Amino acid sequence: MSKINIKSDTGISANKIEVSYGAENILNGVDIYAEDGKITGIIGPNGSGKSTLLKCIYRTLKAKEGTIMIDGENIEDMSYKDSARKLSVVAQHNSYSFDFSVEEIVLMGRNPYKKLMEKENREDYDIVYDCLKKVGLEEFSKRMYSTLSGGEQQRVVLARALAQKTKYIVLDEPTNHLDITHQLQIMRLIKESGITAVAAVHDLNIAAMFCDVIYAMKDGKVVSYGKAEEVITPENIKLLYGVESEIVRDKNGKVHILFL
Ligand SMILES: Nc1ncnc2c1ncn2[C@@H]1O[C@H](COP(=O)(O)OP(=O)(O)OP(=O)(O)O)[C@@H](O)[C@H]1O
């Protein structure tokens with residue numbers, strides 16, 4: 001693999017990240033770089049370390065070794081409030097200890113801009129309703145989150161992340177639970193919003209359609225990275241998943257995978 005071309009003052013870089021649970025190494029010196037304005041995809045089989053890497057970036061896990069830099073600043077030197085103004089998250093599993101309405105959950109996206117006990121204002125509500133509209137859920141604002149389907153819940157969590165108005169977003173399988181209409185809607189929304197995204201994506205065709213750069217992970221290491229056509233090859237699919245495949249191009253020239 002060639003050297004990753006990192007700009008030191010913009011984007012998100014994960015540098016030589018190592019994580020272990022007990023004696024088991026989960027990430028073995030992972031380097032990735034998410035360039036401003038691009039969607040960076042992370043693919044790889046179950047258990048390859050995608051979520052673990054994303055958790056280090058969104059600060060629910062501290063790496064044993066290595067650094068995460070956002071716009072040239074080490075996240076360890078940032079307050080949680082400051083990093084939450086830069087980076088929002090759509091995690092893989094989202095449950096709440098108490099039941100909240102959809103509106104209340106999306107309003108949580110405004111917390112990084114509030115002082116302790118400060119009330120939401122008109123602008124916050126306008127942002128919340130604009131984001132609910134973007135994910136097609138404005139009619140659901142008063143519904144309780146627990147009563148929504150898995151796909152509707154996923155879109156609420158995305159609306160909350162968008163309401164945070166960050167430059168960067170981390171998404172752990174954002175199309176999980178979504179039917180194909182909503183998978184395409186959500187990925188287009190992320191692409192068109194111009195937000196810089198780092199996303200773990202299981203569906204290789206979705207990754208090929210929407211990601212500008214793809215990193216392929218296996219056993220806690222990056223084994224390939226580049227544009228979709230460089231990474232999504234029959235050889236890499238065999239290496240990652242042990243499956244035979246054929247790559248064809250759709251009418252827009254995007255790679256499309258046929259599993260054999
Ligand atoms: N808290 C933990 N304790 C022990 N092992 C863990 C813990 N969290 C994750 N692991 C292990 O780390 C490995 C990587 O997990 P991770 O969730 O990062 O994989 P992934 O690539 O995101 O997988 P998936 O595609 O299934 O979501 C797995 O083998 C998992 O069992």
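Biologist: How do the residues of the shell around the ligand divide into nonpolar, polar and charged?
Modeller: They split into 2 nonpolar, 7 polar and 1 charged. Here Ala, Val, Leu, Ile, Met, Phe, Trp, Tyr, Cys and Pro count as nonpolar, Asp, Glu, Lys and Arg as charged, and the others, Gly among them, as polar. Bear in mind that this is a predicted model, where local features need pLDDT of at least 70, side-chain atom pairs count only at pLDDT 80 or more, and totals for chains, interfaces and linings use all residues. Numbering runs from 1 along each chain as its sequence is written.

Biologist: Which residues surround the ligand?
Modeller: Y21, I26, G44, N46, G47, S48, G49, K50, S51 and T52, with a residue counting if its C-beta atom, placed from the backbone, lies within 6 Å of the molecule.

Biologist: And which helix gives the largest share of that shell?
Modeller: Helix α1 (residues 50-57), with 3 residues. Helices are DSSP runs (H or I, at least four residues) and strands are too (E, at least two), numbered from the N terminus.

Biologist: New topic: how many residues has the largest nonpolar core?
Modeller: 77, and I57, A207 and I214 have the most contacts inside it. Such a core is a set of buried Ala, Val, Leu, Ile, Met, Phe, Trp, Tyr and Cys residues joined through C-beta atoms within 7 Å. Helix α5 (residues 150-163) supplies the largest share of this core, 7 residues.

Technical notes: Buried ≥ 20, exposed ≤ 12 C-beta atoms within 10 Å, placed from the backbone.
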